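Trainee: Could you take me through one part of this model in detail? I'd like to hear about the charged side chains and who they pair with.

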Amino acid sequence: MKEVLKRAEERMQRRINHLNDEYKTIRAGRANPSILDKVTVDYYGSPTPVNQVANVSVPEARMITIQPWDASMLGAINKAIQTSEIGINPQNDGKMIRLNFPPLTEDRRKEIVKDVSKIAEGTKVQIRNVRRDTMDDLKKLKKNGDITEDDLKDGEKDIQKLTDKFIKESESICSDKQKEIMEL
């Protein structure tokens with residue numbers, strides 16, 4: 001039974017980690033190099049993340065600079081950023097690429113906050129699905145005679161505590177991201 005609960009906890013933690021990764025890619029008016037994490041460039045025939053072919057830095061609060069290690073990659077990086085969904089037009093001066101982030105309007109911030117909430121709600125649904133699957137696993141163990149009725153009840157209480165803990169954590173992460181977006 002402990003193995004079932006441990007596996008459930010690991011699955012729930014993966015959902016929280018994924019939520020954090022999703023939030024890193026949300027543009028909140030501030031320059032954050034992690035928005036480039038999903039942007040890949042064709043590097044000698046294989047798709048490679050931008051941060052593996054160039055130096056990515058944040059010289060100012062609203063700017064990211066990208067300086068490729070191989071100058072011939074400048075055009076490919078520029079094109080990859082333009083075709084990505086980050087919504088920023090790169091400025092290429094022949095040596096490096098600059099991404100300037102304009103300040104967000106109040107309406108745009110509210111839209112982003114709604115998106116942040118939707119992502120958090122999806123994470124909560126996934127956590128509850130893990131709880132449901134774990135409850136089913138515990139019931140199978142009971143049916144097979146591997147655990148007693150009391151063990152089943154204790155296991156259900158434990159999985160509910162885990163679920164509550166991870167739901168609360170996802171709400172906290174969501175709230176922090178919403179505050180970050182609205183304070184700009």
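Mentor: Let's start with the term: a salt bridge here is a side-chain nitrogen of Lys or Arg within 4 Å of a carboxyl oxygen of Asp or Glu. Keep in mind that the model is predicted, so local features need pLDDT of at least 70, side-chain atom pairs count only at pLDDT 80 or more, and totals for chains, interfaces and linings use all residues. Residues are numbered from 1 along each chain as its sequence is written, and side-chain values use heavy atoms, with hydrogens and water left out.

The structure holds 15 salt bridges. One of them joins Arg7 to Asp137, with 3.7 Å between the closest N and O atoms. That pair ties together distant parts of the chain, since Arg7 sits in helix H1 (residues 2-24) and Asp137 in helix H3, 130 residues apart. Helices are DSSP runs of H or I, at least four residues, numbered from the N terminus. Arg7 is partly exposed at 42% relative accessible area, and Asp137 is partly exposed at 25%; buried means under 20%, exposed over 50%, and partly exposed in between (1.4 Å probe, protein chains only).

Now stay with H3, residues 106-143. Arg109 and Glu106 meet there in a salt bridge, 3.9 Å from N to O. Both lie in H3, three residues apart, about one turn of the helix. Arg109 is buried, with a relative accessible area of 11%, whereas Glu106 is partly exposed at 40%. Salt bridges with shared partners also join Glu121, Lys124, Arg128 and Glu171 into one network.

Notes. Helices (H or I, at least four residues) and strands (E, at least two) are DSSP runs, numbered from the N terminus. The expected span of a helix is 1.5 Å times one less than its number of residues.
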